[in-house]
Amino acid sequence: MKKSILLIAFGFIAISANAQEVKEKDVPPVIKDAFMKAHPNAKVDKWEKEGNNYEVEFTDNKIESSVDLGPNGQILETESEITVAQLPKAVSDYCTKNMPGKKIKEASKIVDASGKISYEAEVDEADYIFDSNGTFLEKKVEKEDDKDDDEKK
């Protein structure tokens with residue numbers, strides 16, 4: 001019985017952990033205002049809600065980006081597309097050594113709320129995360145739902 005309850009609880013957590021797309025009119029004003037203050041010229045592509053936080057995907061000055069905002073409008077993280085050449089050399093070296101014959105398809109610069117910088121390199125269907133010096137931190141495999149969203153664009 002305990003196992004069943006535990007499995008059901010994990011199922012609800014997994015379902016609620018997925019981001020849900022929301023219409024801009026349903027985004028609280030404090031969230032929209034904080035975003036527009038930080039990115040006044042942005043063209044919003046999509047809003048999502050995950051738990052109490054919001055993520056907005058947008059284009060600003062021809063650069064695709066996303067911002068995660070907390071429930072009070074505080075910016076938690078900003079991710080901006082960069083060219084592969086803009087990645088630290090250590091990132092390119094890591095990928096060449098550990099994934100011979102593979103190419104980095106996309107690259108991003110991530111800045112968290114404290115100003116800490118990290119980088120993301122997409123190779124095949126996985127994102128490789130590196131610190132600001134280009135030291136490998138982790139590998140994230142894209143979920144099927146996320147992949148479907150990207151293909152719809």
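Visitor: Which residues do ring pairs link into a cluster?

Guide: Tyr94, Tyr128, Phe130 and Phe136. Rings of Phe, Tyr and Trp (its six-membered ring) pair if their centres lie within 6.5 Å. Planes under 30 degrees apart count as stacked, over 60 as edge-to-face, and the rest as tilted.

Visitor: What kind of model is this, and how are residues numbered?

Guide: The model is predicted: local features need pLDDT of at least 70, side-chain atom pairs count only at pLDDT 80 or more, and totals for chains, interfaces and linings use all residues. Residues are numbered from 1 along each chain as its sequence is written, and side-chain values use heavy atoms, with hydrogens and water left out.

Visitor: Back to the rings. How many aromatic pairs are there?

Guide: The count is 6. Take Tyr94 and Phe130: the centres are 5.4 Å apart and the planes stand at 75 degrees, so this pair is edge-to-face.

Visitor: Where do Tyr94 and Phe130 lie?

Guide: Tyr94 is in helix α3 (residues 89–98) and Phe130 is in strand β8 (residues 126–131). The pair therefore ties together parts 36 residues apart in sequence. Helices (H or I, at least four residues) and strands (E, at least two) are DSSP runs, numbered from the N terminus.

Visitor: Phe130, buried or exposed?

Guide: Phe130 is buried, at 0% relative accessibility. Tyr94 is partly exposed, at 23%. Buried means under 20% relative accessible area, exposed over 50%, and partly exposed in between (1.4 Å probe, protein chains only).

Visitor: And what about Tyr94 with Phe136?

Guide: That aromatic pair is stacked, with 4.8 Å centre to centre and 5 degrees between the planes. Phe136 sits in strand β9, so its pairing with Tyr94 of helix α3 ties together parts 42 residues apart in sequence. Phe136 is partly exposed, at 31%.

Visitor: New topic. What is the strand order in the sheet?

Guide: The sheet is open, has 9 strands, and runs β1-β2-β3-β4-β5-β6-β7-β8-β9 with antiparallel pairing. Two strands pair if DSSP finds at least two bridges between them. The edge strands are β1 (20–22) and β9 (136–141), each pairing on one side only. From one strand to the next, the twist averages 25 degrees.

Visitor: Which helix packs on the sheet?

Guide: Helix α2 (residues 29–38) does, touching β2 (43–50), β3 (53–60), β4 and β5. Contact means heavy atoms within 4.5 Å. The direction of α2 makes about 140 degrees with that of β2. Axes are lines fitted to C-alpha atoms, for helices over the stretch in contact, and angles run from 0 to 180 degrees between N-to-C directions.

Visitor: How many bridges join β4 and β5?

Guide: Strand β4 (residues 63–69) pairs with β5 (residues 75–82) over 5 bridges, in the antiparallel sense. Leu69 stands opposite Ile75 in β5.

Visitor: Charges next. How many salt bridges does the search find?

Guide: It finds 8 in the whole structure. A salt bridge is a side-chain nitrogen of Lys or Arg within 4 Å of a carboxyl oxygen of Asp or Glu.

Visitor: Which residue forms a salt bridge with Lys89?

Guide: Asp93, with the closest N and O atoms 3.0 Å apart. Lys89 and Asp93 are 4 residues apart in helix α3, which means a separation of about one helical turn. Lys89 is exposed at 60%, while Asp93 is partly exposed at 38%.

Visitor: Which residues do shared partners join into a network?

Guide: Salt bridges that share partners join Lys46, Glu48 and Glu57.
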